[in-house]
Amino acid sequence: SKQNDLLKKWNDIMFDFCMHTEEMRKVGFQSGEASRLHQYHQYLEQRFEHLRWLKYYRTPQATRSFGRVYIYVLPWLIGPYFAWVFEEQLAKSYAFALTLAGFTFIVLHGLLNTQQGLEDPFLVDFTSFTPGIDALKLDYEFAVGLQAVEQYFAEAQMRAAWNEIERTKEDAKKKKTSQQSTEG
């Protein structure tokens, strides 16, 4: 299912974060900073679990189902009211009754969509794969985070290579001065 795919993607990304941190540690990243990054990973995991709990346990499924059924059945129950509104009008035009009926059900449908959007922070329209207005855009957020970690990792590798070059130069200088002192 889509939710399991999202969870697998999340776990893969968090594993990548952890592995990047360990790789950076191997090339000279300070262990205190790596520990802090691992702590941030832990905080991120906790926050994600909290969001999952909000999604699954916030409003009972029975309440959400009742709301959906109520909104879909309501037109059949309230239809005679709109017929009465048409009969009681002096002009006897369909325009007011139809406008009132349409507006009422657009508002109810909007409330249903709002409720779904508030209950599910990961709501995505799977027909076009676009996130909702308030949906969490995890792909973008993780891409930015991974890019920052990879950039720091690349900089750490360059610093390690530069330090190796500097050490080689210093060793060559020391060797040259020791040779000159033994010759002189």
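Buried means under 20% relative accessible area, exposed means over 50%, and partly exposed lies in between (1.4 Å probe, protein chains only). The structure is a predicted model, in which local features need pLDDT of at least 70, side-chain atom pairs count only at pLDDT 80 or more, and totals for chains, interfaces and linings use all residues. Residues are numbered from 1 along each chain as its sequence is written, and side-chain values use heavy atoms, with hydrogens and water left out.

The protein contains five helices and two strands. Helices (H or I, at least four residues) and strands (E, at least two) are DSSP runs, numbered from the N terminus. Their order along the sequence is α-α-α-α-β-β-α. Of the 184 residues, 19% are buried. The accessible surface comes to about 13900 Å². Carbon and sulfur atoms account for 62% of that surface. Accessible areas come from the Shrake-Rupley method with a 1.4 Å probe, and for residues only the protein chains shown count as cover. Contact means heavy atoms within 4.5 Å. Among contacts between residues at least 6 apart in sequence, 59% join residues at least 24 apart.

Helix α1 has 25 residues. At 1.5 Å a residue it should span 36 Å, and its end C-alpha atoms are 36 Å apart, which agrees. The expected span is 1.5 Å times one less than the number of residues in the helix. Buried positions in α1 are W10, I13, M14, F17, H20, T21 and M24.

The largest nonpolar core has 12 residues: W10, I13, M14, F17, M24, F29, A34, F48, F142, L146, V149 and F153. Helices α1 (2-26), α2 (31-57) and α5 (138-183) each supply at least two residues of this core. The largest share, five residues, comes from α1. A nonpolar core is a set of buried Ala, Val, Leu, Ile, Met, Phe, Trp, Tyr and Cys residues joined through side-chain atoms within 4.5 Å. In soluble globular proteins, nonpolar side chains tend to be buried together.

T21 lies in helix α1. T21 counts as buried because its relative accessible area is 1%. Leaving aside neighbours within four places in sequence, T21 is in contact with A34, L37, H38 and H41. A34, a core residue, touches T21, R25 and F29, not counting residues up to four places away in sequence. H41 is found in helix α2. H41 is also buried, at 12% relative accessibility. With residues up to four places away in sequence not counted, H41 touches M14, F17, C18 and T21.

G28 follows α1 and has a positive phi, near 115°. G28 is found in the loop between α1 and α2. G28 is exposed, with a relative accessible area of 60%. The C-alpha atoms of G28 and F153 are separated by 9.8 Å, although the two residues are 125 residues apart along the chain. R58 sits in the loop between α2 and α3. R58 counts as exposed at 56% relative accessibility. The C-alpha atoms of R58 and L118, 60 residues apart along the chain, are separated by 10.0 Å.

A search of the whole structure finds three salt bridges. A salt bridge is a side-chain nitrogen of Lys or Arg within 4 Å of a carboxyl oxygen of Asp or Glu. E22 pairs with R25, the closest N and O atoms being 3.7 Å apart. E22 and R25 are three residues apart in helix α1, so about one helical turn separates them. Both are partly exposed: E22 at 26% and R25 at 33% relative accessibility. E23 forms a salt bridge with K26, with the closest N and O atoms 3.6 Å apart. E23 is partly exposed at 36%, whereas K26 is exposed at 65%. In helix α5, R167 and E164 lie three residues apart, about one turn of the helix. Their side chains meet in a salt bridge at 2.8 Å, N to O. R167 is partly exposed at 44%, and E164 is partly exposed at 42%.

A nonpolar surface patch of about 400 Å² is made by V69, Y72, V73 and L77. Patches are made of residues with over 30% relative accessible area and no salt bridge; like charges are joined within 9 Å, and nonpolar side chains (Val, Leu, Ile, Met, Phe, Trp, Tyr) within 5 Å. Y72 lies in helix α3 (residues 61-88). Y72 counts as partly exposed because its relative accessibility is 49%.
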